[in-house]
Amino acid sequence: MKISFSKQTKERTFKQLYEEYYAPFCLYAKRFVDDKETREDIVSDVFTSLWDKLDSDSFDLQSDTALGYIKMCVKNSCLNFLKHQEYEWSYAENIQKKAPIYESEPDSVYTLDELYRMLYETLNKLPENYRNVFMKSFFEGKTHAEIAEEMNLSVKSINRYKQKTMELLREELKDYLPLLLLFFYRT
């Protein structure tokens, strides 16, 4: 027997469905969601959505398919809740694993110690002569000729070492190099 909800009986029929099946559908939702309040919210949302759809002339719920429809909606809502919850947990876990934001965001504010640490970590990847040329040039303010004489190298070698060092710094510290250079030129 296929009976559509008519406008006159819609409220009464919906109220009967809600009163008879709200608790059983909350129990059905327990198969998916442990939290009682969440289950109740999900089932309430399903019935609210059903009420809104019944208000529309284009939605015609048959009495012999109403329970199957509500069951499918409850199951899908529970699965959507679980998917969203898994996404939130995954997001929280990824946030904990990520480096602090100041290490990945060039617009962040850095302390001088943080900038020095990043610079020294990068410089330590270089051969000793390259590192010494950089330190003498930027930290001690020596000219290429002074460094060449002190290290017993040609000025051309000093230029090459400094150029290679700057290439590495540009590559490794591309987001931070303007800050570092600004600092070096101010001191």
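Contact here means heavy atoms within 4.5 Å, and the model in these views is a predicted one.

**View A. Phe25 and what surrounds it.** Once its neighbours within four places in sequence are set aside, Phe25 is in contact with Val43, Phe47, Leu67, Ile70, Lys71 and Val74. Phe25 also sits on the list of buried residues of helix 1.

**View B. The largest nonpolar core.** This core has 20 residues, and the ones touching the most other members are Phe25, Val43, Phe47, Leu50, Ile70, Val74 and Cys78. Two or more residues each come from helix 1 (10–29), helix 2 (36–54) and helix 3 (66–97).

**View C. Helix 1, bend and buried residues.** Look for the bend of about 45° at Tyr21; a proline, Pro24, follows within four residues. The buried residues of this helix are Lys10, Thr13, Phe14, Leu17, Tyr22, Phe25, Cys26, Tyr28 and Ala29.

**View D. Lys136, a buried lysine.** You'll find Lys136 in helix 6 (residues 128–139). Lys136 counts as buried because its relative accessible area is 16%, and the cut-off for buried is under 20%. Skipping neighbours within four places in sequence, Lys136 is in contact with Gly141, Lys142, Ile147, Glu150 and Met151.

Notes
Residues are numbered from 1 along each chain as its sequence is written. This is a predicted model: local features need pLDDT of at least 70, side-chain atom pairs count only at pLDDT 80 or more; totals for chains, interfaces and linings use all residues. Side-chain values use heavy atoms; hydrogens and water are left out. Buried means under 20% relative accessible area, exposed over 50%, partly exposed in between (1.4 Å probe, protein chains only). A nonpolar core is a set of buried Ala, Val, Leu, Ile, Met, Phe, Trp, Tyr and Cys residues joined through side-chain atoms within 4.5 Å. The bend at a residue is the angle between axes fitted to the seven residues ending there and the seven starting there.
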